[in-house]
Amino acid sequence: MVLYNHRPSFTWYENVPVYSFRYCILVILSLISRCGPVVFFMISGILLLGKNESIFDIIKKRLLRMIIVMIGLALYATWIWGTDDNFFIILFTRLNWYLYAYCAYLIMLPLIRRMCIGLSVQEIKYFIIVAFFFYFVDGLLGLHGLYNNISMYSILFTANWASNCWHVLFPVLGFVLIDLYKRERKNVIIFCLFVCFINIITTIVEVGIDITNNYQNVEMILQRNVFGVSCGVIVLVYELLHYFEMNKIVKKLIAEISGCTFGIFLIETHTSCSAIIFEKVQSVVCYNNYVISVISIIFELIIYFILIYILRLIPFVRKII
C-alpha cells in the first residue's frame, strides 16, 4: 500500500476521463493504498491492547526499539542526505511522520489499554459508529470549506487534519472491531461492507468534484475515507487467517513476509532506493508510468524482502525490524 502510494500510480486517475470505469478503479486503488498506515495502527491495537504488560516492559521492549530505529535513521540521514540540518534536527523533525506517531501511541499505550479493556458491546458500537460518523461528515464538510468544531475537539474520534488522530483512533478501532467480530461476526461483516461501499462511492464522487476545482482537497478526501476500507481489510485478513487451512510452509512464509514489512517500510521512506529502481524500470519498460509503477513495486518488494530477510538473520537486528 505504501509503495503504491509513493509512485506515479497513486494519482493516475488524473490521466483518464473523470467518472470513467478506469477512473473509478484507479481512485479505489488510491484509496486502498492510503490505508497502509491505518492498517499498521489497527494491527498494533489488535495485538498489543489486550496484552498484560508493565509500563517498564512497554518502554523496554517496544518504545526503546523504536527509538533505536529512529537514532539509526537519523545517523544515516545525517551522513547521506547532505543537508545543513544536524543530527538532532533530523532526529526530532525530519523522519517519517509515522515513527513519531507510533512512539506517541506506545507512550500512551498503558492508558489506552485501560480505556479499552472491559468495554461493553454497547460502548464498542457507540465508539465505532461515532468515529465513522465524524469521519464521514467531516469529509463532506471539508470538501466545501466547512469544518465541524465539535469533532475538532473530539480528538479520540477525529482531528482537523485526519491523520493527526490515527495513532489513537485506529489502534482502539482495530481492537474493539475484532472484539465485536468475535461476538457478532455477521453484524460486523455487514457493517464493514456498508462503510466500505459508502467510503468508496464518496471518494469517487468527491475526487471527481475536486478535480474540477484544481485539486484542492484530494489528500484530505482520501484521509477521511480510509475508515471503512481499513475495517474491511482487517476483517478480511482476519477471516482468511482463521478460516482457511494453511500448511506449515505457507504459515512460515506469511510470518516472514509480515516480519519484513517494517524493514521494507523504513527502506521506502528513508532512502532513495525506490526512486532508483523506478528509474531503472522506466529505462527498460516502454510504457506509461502506471505500468512502470506496478512493475517497479514488484521488483522493490522482492529486493527489499530478500535484503530485510537476510538482515533479520542477525539476532539484534531481528529484535528491532
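A residue is called buried when its relative accessible area is under 20%, exposed when it is over 50%, and partly exposed in between, judged with a 1.4 Å probe and protein chains only. By that scale isoleucine 314 is partly exposed, because its relative accessible area is 43%. The model is a predicted one, in which local features need pLDDT of at least 70 and side-chain atom pairs count only at pLDDT 80 or more, while totals for chains, interfaces and linings use all residues. Residues are numbered from 1 along each chain as its sequence is written, and side-chain values use heavy atoms, with hydrogens and water left out.

Isoleucine 314 sits in the loop between α15 and α16 (315–320), where helices are DSSP runs of H or I with at least four residues, numbered from the N terminus. Together with Leu64, Ile67, Ile68, Ile71, Leu75, Leu307, Leu311 and Phe316, Ile314 makes a nonpolar surface patch of about 740 Å²; nonpolar side chains are joined into such a patch within 5 Å, from residues with over 30% relative accessible area and no salt bridge. Helix α4 (55–80) and helix α15 (289–311) each supply at least two of the patch residues, and α4 gives the most, with five.

Glutamate 268, which lies in helix α13 (residues 248–270), counts as buried because its relative accessibility is 7%. Its side chain makes polar contacts (pairs of N or O atoms within 3.5 Å, one able to donate a hydrogen and the other to accept it) with the side chain of histidine 6 at 2.6 Å and with that of serine 274 at 2.3 Å. Leaving aside neighbours within four places in sequence, glutamate 268 is in contact with residues including Val2, Leu3, Arg7 and Glu300, contact meaning heavy atoms within 4.5 Å.

Definitions and conventions:
Patches are made of residues with over 30% relative accessible area and no salt bridge: like charges are joined within 9 Å, nonpolar side chains (Val, Leu, Ile, Met, Phe, Trp, Tyr) within 5 Å. Accessible areas come from the Shrake-Rupley method with a 1.4 Å probe; for residues, only the protein chains shown count as cover. A salt bridge is a side-chain nitrogen of Lys or Arg within 4 Å of a carboxyl oxygen of Asp or Glu.
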